[in-house]
Amino acid sequence: MMKTEPDRDDIAEAMTWLKNNKIGKNWKEQIKNKWVRVVIHGLISAAEKNHYELYGERYIKGTTVQKITTLSRTTIHEMTEKNAFPKRLDIGSKNIWKASDIYAWMQKQEDKREQSK
């Protein structure tokens with residue numbers, strides 16, 4: 001049976017590629033797997049339309065991350081550099097985060113706070 005849409009492995013591979021690379025003019029040529037290209041193209045299209053849901057995963061913009069976490073852009077950047085905050089995905093000119101990564105990070109902070117009491 002012929003594959004008609006990306007599977008979880010394709011999505012995972014696309015997310016890994018996006019975390020490790022930047023979208024440039026020749027990004028499609030760098031990716032051999034057609035379905036990984038489909039996932040990344042979908043994310044770029046969604047980012048351009050400010051619609052951030054793809055294959056059941058929700059994505060949020062940096063301004064939303066700042067509101068949710070009450071952290072400044074600078075603090076988020078510094079914490080990300082120290083691997084103390086989830087990494088963003090650079091989609092074209094947009095920076096987005098997986099909402100589940102942000103919520104998991106917040107839960108971890110809450111758990112740490114509760115343990116220190």
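Buried here means under 20% relative accessible area and exposed means over 50%, with partly exposed in between (1.4 Å probe, protein chains only). The model is a predicted one, so local features need pLDDT of at least 70 and side-chain atom pairs count only at pLDDT 80 or more, while totals for chains, interfaces and linings use all residues. Residues are numbered from 1 along each chain as its sequence is written, and side-chain values use heavy atoms, with hydrogens and water left out.

First, the overall layout. The protein has six helices and four strands, taken as DSSP runs numbered from the N terminus (helices are H or I, at least four residues; strands are E, at least two). From the N terminus on, they come in the order α-α-α-β-β-α-α-β-β-α. Of its 117 residues, 32% count as buried.

Now for helix α1. With 13 residues, α1 reaches 18 Å from its first C-alpha to its last, close to the 18 Å expected at 1.5 Å a residue (the expected span is 1.5 Å times one less than the number of residues). Its buried residues are D10, A14, M15, W17 and L18. Looking down the axis of α1, these fall within an arc of 160 degrees, so they line one face of the helix; the arc is that of the directions from the helix axis to the C-beta atoms. On the face turned away from the buried side sit the exposed residues R8, D9 and N20.

Leaving aside residues up to four places away in sequence, D10 touches K3, N33, W35 and V36, where contact means heavy atoms within 4.5 Å. The side chains of D10 and N33 are also joined by a polar contact of 3.2 Å. Such a contact is a pair of N or O atoms within 3.5 Å; within protein, one must be able to donate a hydrogen and the other to accept it, and residues adjacent in sequence count only if both atoms are side-chain atoms.

That leaves the nonpolar cores, sets of buried Ala, Val, Leu, Ile, Met, Phe, Trp, Tyr and Cys residues joined through side-chain atoms within 4.5 Å. In the largest, which has 15 residues, M15, L18, I40, L43, L89 and I91 touch the most other members. Two or more residues each come from α1, α3 (34–48) and β3 (89–91), and α3 gives the largest share, five residues. Apart from this core lies another of nine residues, among them I60, V65, I76 and I102.
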